[in-house]
Amino acid sequence: MDDRIVELIKSENGEGLRLLQQRYSVLIRYIVYGILQSEADAEDCISDIHIKVWHSIESYCPDKSRFATWLTVISRNAALNYLKRKTECDNQLKEDMADTFSVEEEVIRREQVENLKRALSTLSPEERHLFYRKYYYLQQTAQIAAELGATERSVEGRLYRLRKKLQKELVGDFR
């Protein structure tokens, strides 16, 4: 099904977007609403995501990731960008950040990202899933707890232990 969606969108056939929406609307809404927390903002952002998928489908490479993963990253980034634009700091922040990073700082940042990936790979699948929900998808602890059938306190405890475990793995990289 994913191959068909990609093929239709690449050939600029609107049926591809219809199939995309039919198959992935729940996933996209789940990600976007979790970040934006507003129905109206989520609707606007989801429209932006469909446009982004339409225009950037050529960048999708099935050898690198599954289509759902590619779509998840686009959805998350679109929601975060929407949130930044909404707070009216996006353009100024980008200019300031671009001016302040040196080549050395960029190399250090990339090394830290690789170290974090390595540390995350030591976690169990359940721990990684919890980490991503909280720190990548920016979900509220209450939402995570409700969906896992746990108390907020137990989720906060698990997150605390997760952070300590990662801190030991990273041995000061992010302190």
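I started with Val 171 and found this residue in the segment after helix H9 (152-170). The model I am reading is a predicted one.

Is Val 171 buried or exposed? I looked up its relative accessibility: the value is 66%, so Val 171 counts as exposed, the cut-off being over 50%. I then checked a distance from Val 171 to Asn 115. Their C-alpha atoms are separated by 9.9 Å, with the two residues 56 apart along the chain.

Next, Thr 72. I placed this residue in helix H4, which covers residues 67-86. Thr 72 has 10% relative accessibility, so I noted it as buried; the limit is under 20%. Which residues does Thr 72 touch, leaving aside neighbours within four places in sequence? I listed Leu 27, Ile 31 and Tyr 137 as its contacts.

Then the nonpolar cores. I found 27 residues in the largest one. Tyr 24, Val 32, Cys 45, Ile 49, Val 53 and Phe 67 have the most contacts inside this core. Which elements give two or more residues to it? I noted helix H1 (2-10), helix H2 (15-36), helix H3 (39-56) and H4. H4 supplies the largest share, nine residues.

I followed up on Val 53. Leaving aside neighbours within four places in sequence, I found Val 53 in contact with Ile 9, Leu 20, Trp 70, Leu 71 and Ile 74.

A general note to close: in soluble globular proteins, nonpolar side chains tend to be buried together.

Notes
Residues numbered from 1 in each chain as written. Predicted model: local features only at pLDDT ≥ 70, side-chain atom pairs only at ≥ 80, totals over all residues. Heavy atoms only, no water. Helix = DSSP H or I, 4+ residues; strand = E, 2+ residues; numbered from the N terminus. Buried < 20%, exposed > 50% of the residue type's maximum accessible area, 1.4 Å probe, protein only. Contact = heavy atoms within 4.5 Å. Core = buried A, V, L, I, M, F, W, Y, C linked by side-chain atoms within 4.5 Å.
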